[in-house]
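I am opening a new page for this chain and will write down each thing as I look it up. The structure goes in here, and the entries follow.

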Amino acid sequence: MSVAAVVVLYHPSLEVLDACIKSLYLQVDKIFVVDNSSVATPLIPCLSADNIEYTWLGANLGIGSAQNAGIRQAIDYGAEFVILSDQDTLYPVQYTSAMVDAYKSMDASINVAALAPRFYDKHREVFIPIVSRRSVFKDKISECSEIQQATEVIASGMFIPVKALNIIGLMNETLFIDWVDFEWCWRANLESYKIFSVTSVVIMHTLGKGSVSVAGKKYPVHAPIRYYYVVRNGIYSALYNSSLPFPWRINIFANVILYSAGYLVLGSPKLATLKYVFKGFWHGVKRRLGSYA
C-alpha cells in the first residue's frame, strides 16, 4: 500500500521540524512538505532527502489550503493513503504499519474515512480525550477499546484512504485555520463514512503555545489571533453548517460561548484577546470567512 505524508509548516522550529520529518520519512513512500510561512523555511538536510518534496506557497494561505495542496500532490503521486501532519508532531517507529494493520482489520462493509492515533499533549501532560457525539452532548471517552469510533479527530496523524477523499472531498479552505479537521470529519459522517481512533498508537502532540494551570487543571493557551478563528469558525459552524445534526450545533454553540469566557479570563494580552473574541463572534454570525487580514 502506497502511503504519502503531508506536513504543513508555519515558521517552524528547525530542530522540532527535523525531529518530525525524521520520525516519518522511513515509514512512508513520499513526504510532501507544504510551507505556509511568509518566508521560505531554510532547506535543512532533512528536507533534502530523496523522498521529500518541498513546496513554499509564498504566503500563509491557511492550513486547509496547505493541506489540500499536499493532498493533491499525494494523489498525483499515486498514493493510496495520505497522512496529515503538523510540523511538531512526533511519530512512533511503527506508526504507519500499525495504521495499515488497523485499516486491514476493519470490516469490509465499513466505509472508513480516517484512522487517527491517540494524542498525548506535552504541554498539559495528558491524553486528549476521544470525542464521540451521540446526542446534544459531546461525550469524551477516556477508557476505550483498541479501535474506538469517534465523531471528530484533530488532523495531525490522520490516516486517510484516498478513495474516501474522493467521496468526502478536500478540506474547507474558507475556514483558514481551526475547526478545519472537525468540519471534514462532519462531512464524512454525513456521507456515512466513519472515523476511528487506534488507541494503541500514541503520538506526542502540542495544543497551543503553552498552558496555564487553574485549580490544579491545565488549559491550553494560544496567541490572541487564534481565539478569533476558534470563535468565528465555531459560531459559523453552529449557525450555518448543514452537515451537522441540530443537537450538535446547539452543543457547539454552547461550547464556543464557554471557550470565549475562558479565553477572556486566561488569554493574554487581555485587550487583544477581547478584540479577537468579539470580532470572531461577530464575523461568525455575519459569515465572514477566510483570513482575518
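Which residues is N189 in contact with, leaving aside its neighbours within four places in sequence? I looked this up and found T151 and W248, where contact means heavy atoms within 4.5 Å.

Basis of the entries. I am working from a predicted model, in which local features need pLDDT of at least 70 and side-chain atom pairs count only at pLDDT 80 or more, while totals for chains, interfaces and linings use all residues. I number residues from 1 along each chain as its sequence is written, and the side-chain values use heavy atoms, with hydrogens and water left out.

Entry on N189 and helix α5. I placed N189 in helix α5; helices (H or I, at least four residues) and strands (E, at least two) are DSSP runs, numbered from the N terminus. I noted N189 as partly exposed, because its relative accessible area is 25%, given that buried means under 20% relative accessible area, exposed over 50% and partly exposed in between, with a 1.4 Å probe and protein chains only. I also looked at N111, which lies 78 residues from N189 along the chain, and found their C-alpha atoms separated by 10.0 Å. For the helix as a whole, I read that nine of the eleven residues of α5 (residues 180-190) are buried, so it is largely enclosed by the rest of the structure. Among the buried residues of α5 I listed D181, E183 and R187 along with F182, W184 and W186. After α5 comes S192, for which I noted a positive phi, near 65°.

Entry on the cores. I then turned to the nonpolar cores, each a set of buried Ala, Val, Leu, Ile, Met, Phe, Trp, Tyr and Cys residues joined through side-chain atoms within 4.5 Å. The largest has 49 residues, and I21, I31, L115 and F159 are those with the most contacts inside it. A second, separate core of 32 residues includes A74, V82, L84 and A188, and A188 is one of the buried residues I had listed for α5.

Entry on L115 and A116. Leaving aside neighbours within four places in sequence, I found L115 in contact with M99, A102, Y103, G157, M158, F159, F196 and V198. I found A116 in strand β5 (residues 112-121), and I recorded it as buried, because its relative accessible area is 0%.

Entry on S2. I placed S2 in the segment before β1 (3-9) and counted it as buried, because its relative accessibility is 17%. Beyond its neighbours within four places in sequence, S2 is in contact with D29, Y77, G78, A79, E80 and F81.

Entry on the whole chain. I counted eight helices and 13 strands, and noted that 51% of the 293 residues count as buried. Of the contacts with a separation of 6 or more, 72% join residues 24 or more positions apart. The C-alpha trace spans about 45 × 45 × 40 Å along its principal axes.
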